[in-house]
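Here is a short tour of the model on your screen. Keep the sequence open beside it while you read.

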Amino acid sequence: MSRRIFAGNWKMHLGPEDARQFLKIFLARYRNEAGREVWFFPSAVTLATVAETTADRLGIVVGAQNIHWEDQGAFTGEVSVPMARQAGAHAALVGHSERRHVFGETDEQTARKVRALLRHQLSPVLCVGEKLEERERQETLQVVERQLAAALAGLDAATLAQVIVAYEPVWAIGTGRNATPRDAAEVHGFIRSWFASRGVPDRNVTVLYGGSVKLDNVKALLSEPQINGVLVGGASLDAATWSEMVR
């Protein structure tokens, strides 16, 4: 598999000045390699800083953590896709478990966000994954299928190929627990088959794994051929650790 994506979700960490210090360390160690991409998802107030600082570096993509589906309007506190794009974003997370389970984002809202991003030629990174009780009831694949169908219904194969999927088992995010590489690969294989059944060639499907990814398990996860890359939270906040993970 030629494409490897290392995506760091900074969540509510690293303001603009923190980001400058982080990138000073990271960029001094970073070397672009064919087939490897590094994606940063900083907070809204930090997005422009990261985009400007990395603008001349190949293989680096900057995205938003969240967007609104309307292009403009009376939505205090929200960021539209055109605004994110103007700040330097080329992608955005959609349906992250914290948006779904902390802020109550619905499948319908997730679908509207995906379409807003596609309308403006930004890459949606659609997050899917099950909660612990759903996994214990052996409902993982049903939950993932529901989330995929709800967010991507009605899109043709060419459009579906523009969507990146991140499988993040909710029970493994920030808990120190982790799906085994084999567990993750099973779900990734299911996601790939879902896209294949809708006419998307496997070479055009990109699926990342997220859920307590760390320096000591990233190599084992990426050894699974079904996994294109990783979406990392806490371990992406330290520049030295992140540099080593990407290396």
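Which loop holds Gln 138? Gln 138 turns up in the loop between helix H6 (132–136) and helix H7 (140–152).

## Ground rules

This is a predicted model, where local features need pLDDT of at least 70, side-chain atom pairs count only at pLDDT 80 or more, and totals for chains, interfaces and linings use all residues. Residues are numbered from 1 along each chain as its sequence is written, and side-chain values use heavy atoms, with hydrogens and water left out.

## Overall build

The protein chain has 11 helices and eight strands; these are DSSP runs numbered from the N terminus, with helices being H or I of at least four residues and strands being E of at least two. Its radius of gyration is 17 Å, close to the 18 Å that the globule rule gives for 247 residues, so the chain is as compact as a globular protein of that length. That radius is taken over C-alpha atoms, and the globule rule is 2.2 Å times the number of residues to the power 0.38. Along its principal axes, the C-alpha trace spans about 45 × 45 × 35 Å.

Contact here means heavy atoms within 4.5 Å. Among contacts with a separation of 6 or more, 72% come from residues 24 or more positions apart.

## Surface and charge

Of the 247 residues, 51% count as buried (buried is under 20% relative accessible area, exposed over 50%, partly exposed in between, with a 1.4 Å probe and protein chains only). The chain exposes about 11,500 Å², and carbon and sulfur atoms supply 50% of that. Those areas come from the Shrake-Rupley method with a 1.4 Å probe; for residues, only the protein chains shown count as cover.

As for charge, there are 28 positive and 28 negative ones, and their mean positions are 4 Å apart. Lys and Arg count as positive and Asp and Glu as negative, while His and the chain ends are not counted. Each charge is placed at NZ of Lys, CZ of Arg, CG of Asp or CD of Glu.

## The nonpolar cores

A nonpolar core is a set of buried Ala, Val, Leu, Ile, Met, Phe, Trp, Tyr and Cys residues joined through side-chain atoms within 4.5 Å. The largest has 65 residues, and Phe 26, Phe 40, Leu 148, Leu 152, Ile 191, Phe 195 and Trp 242 touch the most other members. Helix H9 (residues 181–196) gives the most to this core, with six residues. Apart from it lies another core, of 13 residues, including Ile 5, Phe 41, Cys 127 and Ile 164.

Leaving out residues up to four places away in sequence, Leu 148 touches Leu 126, Val 128, Ala 153, Val 165, Ile 191, Trp 194 and Phe 195.

## Residues to click on

Back to Gln 138: its phi is positive, about 60°, although it is not a glycine. At 68% relative accessibility, Gln 138 is exposed. Lys 11 also has a positive phi, near 50°. Lys 11 sits in the loop between strand S1 (4–9) and helix H1 (16–29) and is partly exposed, at 22%.

Is Arg 36 buried or exposed? Arg 36, in strand S2 (residues 36–41), is buried at 9% relative accessibility. Beyond four places in sequence, Arg 36 touches Arg 4, Phe 6, Tyr 30, Arg 31, Gly 59, Val 246 and Arg 247. Arg 85, in helix H3 (residues 81–86), is partly exposed at 42%.
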